[in-house]
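Welcome, and please load the structure in your viewer. We will take it one selection at a time.

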Amino acid sequence: MAAALSLLMVSCGNKQTEQTSDKAKKEKVKARKKKASKKEASEKEAQASTSGIEDIERVWLSNDIDVDSGDITADIETFACAFCDAYPEYEPNEALCNYLIDPEEYDPEENGFFIDNQIKYGYISVRQETELDWLTTCCYWNRNDGHKLFAVWMAEEHEGDFKDAHLLLFYDYDPETDIMTPEPKLTRKVERAMEDFDSYDVKLPAKGKNIELIGYVYDHDSAEKTYYMLHWNGYDFEMAAG
């Protein structure tokens, strides 16, 4: 009987040890899942707070863009498609690229991005129809050296604590090579002129040749605006007060 009791106690002890071990394992699994969930949430928050514009800003200077014009003369659709295909991580660019690949199948009501295509004026834009800007606007000019100057303005406004993002880029297009090369001089000219403002907006011309800049200084719920014009001189732009 003593032997049987001893065996029973050993068996119970083993069972208790197994239960304790199982409980510890479950706690570890639960802790791992909680940690993974926190990490996933943190990664999502980081992604949400990073604008596609910021990603483009980090790399655009290092990347030429091939323009697949084929046997036709490159136009605004060709340039916009090449740029948006190079940088589809910014959602308006992806929407514009989808439109340019197959305009007849593109449904603005489905994805919320609307297209303004004025091909004969060398202008195209895509924007989401909300109170806040979320857009890409493209335009080009014929340069007096036989090249073309392509410009793209991207703007993304947020509510709450997220920082607004915007970026104005210029490219020189060489029809001999079919390549667009970044031209940062004009971008820096605009950024220097706007650096004392809280924010600014760029109006690429749907008609005409000049670019309008609007600098904003915010005061509570109002904004003081200052206007500038970039006047086209046949090759690039000269800035003057608007």
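Predicted model: local features only at pLDDT ≥ 70, side-chain atom pairs only at ≥ 80, totals over all residues.

**Stop 1: an edge-to-face pair.** Select Trp141 and Phe237. Their ring centres are 5.0 Å apart and their planes meet at 85°, so this pair is edge-to-face. It links distant parts of the chain, with Trp141 in strand β4 (residues 134-142) and Phe237 in strand β11 (residues 237-241), 96 residues apart. Are these two residues buried or exposed? Trp141 has 3% relative accessibility and counts as buried; Phe237, at 1%, counts as buried too.

**Stop 2: a tilted pair.** Now select Phe150 and Tyr171, an aromatic pair with 6.3 Å from centre to centre and 45° between the planes, which is tilted. Here too distant parts of the chain are linked: Phe150 sits in strand β5 (residues 148-156) and Tyr171 in strand β6 (residues 165-174), 21 residues apart. Both Phe150 and Tyr171 are buried.

**Stop 3: a charge over a ring.** Select Arg143 and Tyr235. Arg143 lies over the face of Tyr235, 4.0 Å from the ring centre.

**Stop 4: the sheet.** Switch to a cartoon view and colour the strands. In which order do the seven strands of the open sheet come? The order is β1-β7-β6-β5-β4-β3-β2, and the pairing is antiparallel. At the edges are β1 (65-66) and β2 (113-118), each pairing on one side only. Next, zoom in on strand β3 (residues 123-128), which runs antiparallel to β4 and is joined to it by five bridges. Look for Tyr123 there: its bridge partner in β4 is Cys139.

**Stop 5: helices across the sheet.** Select helix α2 (residues 52-59), which lies across β5 and β6 and runs at about 40° to β6. Then select helix α6 (residues 184-194): this one lies across β5, β6 and β7 (179-182), at about 150° to β6.

**Last stop: the whole chain.** Zoom out to see the protein chain with its six helices and 11 strands. Of its 242 residues, 36% are buried. Finally, show the surface: the chain exposes about 15200 Å², and carbon and sulfur atoms supply 47% of that area.

How values were computed: Residues numbered from 1 in each chain as written. Heavy atoms only, no water. Helix = DSSP H or I, 4+ residues; strand = E, 2+ residues; numbered from the N terminus. Buried < 20%, exposed > 50% of the residue type's maximum accessible area, 1.4 Å probe, protein only. Areas by Shrake-Rupley, 256 points an atom, 1.4 Å probe, with all protein chains shown as cover. Phe/Tyr/Trp six-rings, centres within 6.5 Å; stacked < 30°, edge-to-face > 60°. Lys NZ or Arg CZ within 6 Å of the ring centre and 35° of its normal. Pairing = 2+ DSSP bridges. Contact = heavy atoms within 4.5 Å. Axes fitted to C-alpha atoms, helices over the stretch in contact; angles between N-to-C directions.
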